[in-house]
Amino acid sequence: MSSPPWFSHSSSAGSTRRPRSTYLPPHLRTQPKITVTIPPPPYPKPAGPFDISEKFDELEVTEEEEEEALEENIIKTKKVGPGPEVEASGVDIPPAVTSFDEMGFATKALGDNVRRCKYVNPTPIQKYAIPVGMAGRDLMACAQTGSGKTAAFCFPIINSILLHKNNNTITGIGSRGSSATAFPMALILAPTRELASQIHEEAKKFSYQTGVKVVVAYGGAPIVLQLQNLEKGVDILVATPGRLVDLIERRRVSLRNVKYLALDEADRMLDMGFERQIRMIVQQMHMPPPGSRQTMLFSATFPDQIQRLASDFLSNFIFLAAGKVGSSTDLIVQKVEFVADMDKRDYLVNLLRSQRTNNTTPQNNALTLVFVETKRGADSLERWLCSKGFPSTAIHGDKIQMERERALKLFRSGRTPILVATDVAARGLDIPHVAHVINYDLPRAVDDYVHRIGRTGRAGKSGLATAFFSDKNAPLAKPLAQLMHQANQEVPLWLDQYANNNNSNTSSQSHYGKYAAPDYSYNDNYALPDSSYVDPTYASSYAPYDVAPYDAPAAYYGYNYDGPITATGWD
Ligand SMILES: Nc1ncnc2c1ncn2[C@@H]1O[C@H](COP(=O)(O)OP(=O)(O)OP(=O)(O)O)[C@@H](O)[C@H]1O
């Protein structure tokens, strides 16, 4: 493990020579030499190339294969469970269950779909959250990354739709001239296109052969196709805020009939400056009020500002916390290395080379996700890695949606086993076989670190996370060290020392303060992709970071949304 220049530590011996070709300006030549420490592989060796088909139709498996998969999932959920204690608060909390059979789904089809997904036992959060959701109660649920939160809000929604679809007051599609308005019964909001798309795929699997229709709408993809899908009928609409507002403005979606609302990664949507849009969607666009609809908020982290939103959106809700709020799962081995910024590239290449040589993550077999700070940095690192013989691809907010999807597909399938990403890939993405997450640039906030490393160590599997820490990350030292201690990780002495020297920044989980300016990486990835809308309150914070022109329609400023609806055409 490498240490900062001022820290004397025995492990700094045995360093690797910096390649001759690297020019170092004289004033930087006293920097410590690089040591690459590769821990033993904590992850199972996955078999690649990977099957990324996601539809059940394509997943018809032999009984033998099914048994094998079930066996594997029993092992996985055994690792997840009995799991961390789930803390529940609220009145009349419905009792938790221990198996999917006990959940009492409305139709056999739902139980069949659980089986098709090869889920043997519910994860801890599912044991508590699914009964709460199925009892129709509002819910705020916090559970570690990769713990199965998607199923925890999807199953109650699908179940309730199956129970109540026929009593629906506004059925199917209303009409306005030649184009129809869709009246979904359920709305699931997600912060990014990729996450919305993933939830859509999951929800389709969970509702397979139930008759429940799931449609997705997000920016960057042709709206015409989404409109056509909406016209065919929709029970559950999965959407990003920007595109949804556009569809409502065009009167192609009405929220009057929404009985179930789920916000995934709700805290992230606030960080991104989407609060006003979300409040407008939930409070001013004809959605039934709390009490007349069921609302569920899910995330792995819950910074303070979400509490206020919760009190406005939820009614008589139950709070569930699986494990410590904002903690990382201990399935992930976390390493922190002190790497000066100028040494990062060489260090990374050495790390990947050792990985390859030691066969810990053979090429094309296990996936490595590398997080960087900027879009330009992502492109440049991707090129560098390719030039060094490491097939890589990159994903960030400046790429068009097709390129983003292509990059994910290449990575997911193992054809390009390294993905260089900005925070656009930090939340919610469930990519099997990600064995190693490298924080080449650490994020500014520890919550973001938790979500990033959570791309590995999912659903009971173990994973590895390596962070490159440099002087500029000093403010993160304390919350990072705290988080690692909580997760029983080996914390380098120098990091503890850094943490003690940086006592000023003591907030460990919620880092921006109340509605404070988002980190530029949010702008990089989130604030603009789905619309060019930037809340003027936050616009100045984005300014130095190459913001697309702010062009939100005037309607967005008024909180009373009942005026004339104009189609803006932006997406
Ligand atoms: N009961 C279960 N048994 C086995 N696997 C499960 C179970 N529930 C969910 N999974 C799988 O676990 C993985 C992680 O689930 P999911 O993406 O819902 O996690 P999450 O808690 O939403 O994570 P994040 O916080 O990163 O968004 C998925 O591959 C999912 O199919």
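The centres of domain 1 and domain 2, taken over C-alpha atoms, are separated by 29 Å. This is a predicted model, in which local features need pLDDT of at least 70, side-chain atom pairs count only at pLDDT 80 or more, and totals for chains, interfaces and linings use all residues. Residues are numbered from 1 along each chain as its sequence is written.

User: What makes these parts domains, and where do they lie?
Analyst: Domain bounds come from an automatic or database domain assignment. That assignment gives domain 1 as 80-165 + 179-322 and domain 2 as 332-502.

User: How many residues of each domain are in contact?
Analyst: Two residues are in contact if their C-beta atoms, placed from the backbone, lie within 7 Å. The contact takes 18 residues from domain 1 and 17 residues from domain 2. Helix 5 (residues 193-206) gives the most to the domain 1 side, with four residues; helices (H or I, at least four residues) and strands (E, at least two) are DSSP runs, numbered from the N terminus.

User: Why are strand 11 and strand 13 called edge strands?
Analyst: Two strands pair if DSSP finds at least two bridges between them. Six strands form an open sheet with parallel pairing, in the order 11-16-15-12-14-13. Strand 11 (332-338) and strand 13 (392-395) each pair on one side only, and are therefore the edge strands.

User: How do you know that strand 11 pairs with strand 16?
Analyst: Pairing requires at least two bridges, and seven bridges join strand 11 to strand 16 (residues 463-469); the two strands therefore count as paired. V333 stands opposite L464 in strand 16.
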